[in-house]
Amino acid sequence: DVTEIEEKEAQAKQEEQIMKEQELSNLLHEKRYLKALGLAISLDRPHTVLMVVKAILKETEGRKHLEENIVRLRKDQKEAVLAFLVTWNTNSRNCHEAQAVIETLLKHEAPDSLLQYSGIKSAVESLLPYT
């Protein structure tokens with residue numbers, strides 16, 4: 001019977017999830033945005049990533065800090081953020097944050113580099129009507 005083993009694994013995953021949530025909360029409180037972005041992306045939490053972006057933009061010189069943090073993300077993390085911001089851009093409450101991230105990506109990534117992103121074609125097609 002593997003039920004007990006599966007229950008323990010599920011409980012361990014749930015405990016790990018709770019620990020990551022607490023770590024994310026602590027990172028936001030400490031204003032360690034790069035790590036918070038990375039953790040929110042790894043947890044596949046688009047809304048949390050949006051909240052981190054909003055927190056960065058509320059800071060003094062928020063755009064500058066946003067650029068610094070987005071530029072330092074890995075390619076796979078930038079791809080995830082791109083996928084998230086397609087959804088953000090469709091909502092008028094979140095479109096300004098989405099546009100700020102798009103601007104950063106367009107300013108700091110070469111066109112050839114952007115073309116290598118997975119899902120770039122569908123992202124651009126989805127962004128055009130709302131941008």
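## Glu79 in helix H5

Glu79 sits in helix H5 of this predicted model. Its relative accessible area is 16%. Glu79 therefore counts as buried, since the cut-off for that class is under 20%. Beyond residues up to four places away in sequence, Glu79 touches Gln116, Tyr117 and Ser118.

Asp76 also belongs to helix H5. Its relative accessible area is 42%, so Asp76 is partly exposed. Tyr117 comes up again here. The C-alpha atoms of Asp76 and Tyr117 are 8.2 Å apart. Along the chain, 41 residues separate this pair.

## Lys78: a buried lysine

Lys78 is placed in helix H5. Is Lys78 buried or exposed? Lys78 is buried, at a relative accessible area of 8%.

What does the side chain of Lys78 meet? One of its polar atoms lies 3.4 Å from the backbone oxygen of Val71. With neighbours within four places in sequence left aside, Lys78 contacts Ile70, Val71, Leu73, Leu105, Glu109 and Tyr117.

## Helix H5 against helix H6

Two packed helices are described by the angle between their axes and the distance between the axes. Helix H5 covers residues 75–89, and helix H6 covers residues 95–108. Their axes come within 8 Å. The crossing angle is roughly 145°. The crossing of H5 with H6 is left-handed.

On the H5 side, the contact is made by Lys78, Val81, Leu82, Leu85, Trp88 and Asn89. On the H6 side, Cys95, Ala98, Gln99, Val101, Ile102 and Leu105 take part. By class, the residues of this contact are 9 nonpolar, 2 polar and 1 charged.

## Salt bridges

How many salt bridges does the structure hold? There are 11. One of them pairs Lys31 with Glu59, with the closest N and O atoms 3.3 Å apart. This pair links distant parts of the chain, 28 residues apart. Lys31 is in the loop between helix H1 (3–29) and helix H2 (33–42). Glu59 is in the loop between H3 and helix H4 (62–71). At 26% relative accessibility, Glu59 is partly exposed.

Glu103 bridges to Arg63, with the closest N and O atoms at 2.6 Å. Glu103 is partly exposed, with a relative accessible area of 36%. Arg63 is partly exposed as well, at 45%. A salt bridge also joins the side chains of Lys107 and Glu67, at 2.9 Å from N to O. Lys107 lies in helix H6 and Glu67 in helix H4, 40 residues apart.

## Pro46 in helix H3

Helix H3 spans residues 46–58 and includes Pro46. Pro46 has 31% relative accessibility, so it counts as partly exposed. Which residues does Pro46 touch, not counting those up to four places away in sequence? They are Phe84 and Trp88.

The C-alpha atoms of Pro46 and Glu109 are separated by 22 Å. The two residues are 63 apart along the chain.

## The whole chain

The secondary structure comes to 8 helices and 0 strands. From the N terminus on, the elements run α-α-α-α-α-α-α-α. The C-alpha trace spans about 55 × 35 × 25 Å along its principal axes.

The protein has 131 residues, and 36% of them count as buried. Lys78 and Glu79 are both in that buried class. Consider contacts between residues at least 6 apart in sequence. Of these, 59% join residues at least 24 apart.

Definitions and conventions. Residues are numbered from 1 along each chain as its sequence is written. This is a predicted model: local features need pLDDT of at least 70, side-chain atom pairs count only at pLDDT 80 or more; totals for chains, interfaces and linings use all residues. Side-chain values use heavy atoms; hydrogens and water are left out. Helices (H or I, at least four residues) and strands (E, at least two) are DSSP runs, numbered from the N terminus. Buried means under 20% relative accessible area, exposed over 50%, partly exposed in between (1.4 Å probe, protein chains only). Contact means heavy atoms within 4.5 Å. Axes are lines fitted to C-alpha atoms, for helices over the stretch in contact, and angles run from 0 to 180 degrees between N-to-C directions. A crossing is left-handed if the near helix is turned anticlockwise from the far one by less than a right angle, and right-handed if clockwise. Ala, Val, Leu, Ile, Met, Phe, Trp, Tyr, Cys and Pro count as nonpolar, Asp, Glu, Lys and Arg as charged, and the others, Gly among them, as polar. A salt bridge is a side-chain nitrogen of Lys or Arg within 4 Å of a carboxyl oxygen of Asp or Glu. A polar contact is a pair of N or O atoms within 3.5 Å; within protein, one must be able to donate a hydrogen and the other to accept it, and residues adjacent in sequence count only if both atoms are side-chain atoms.
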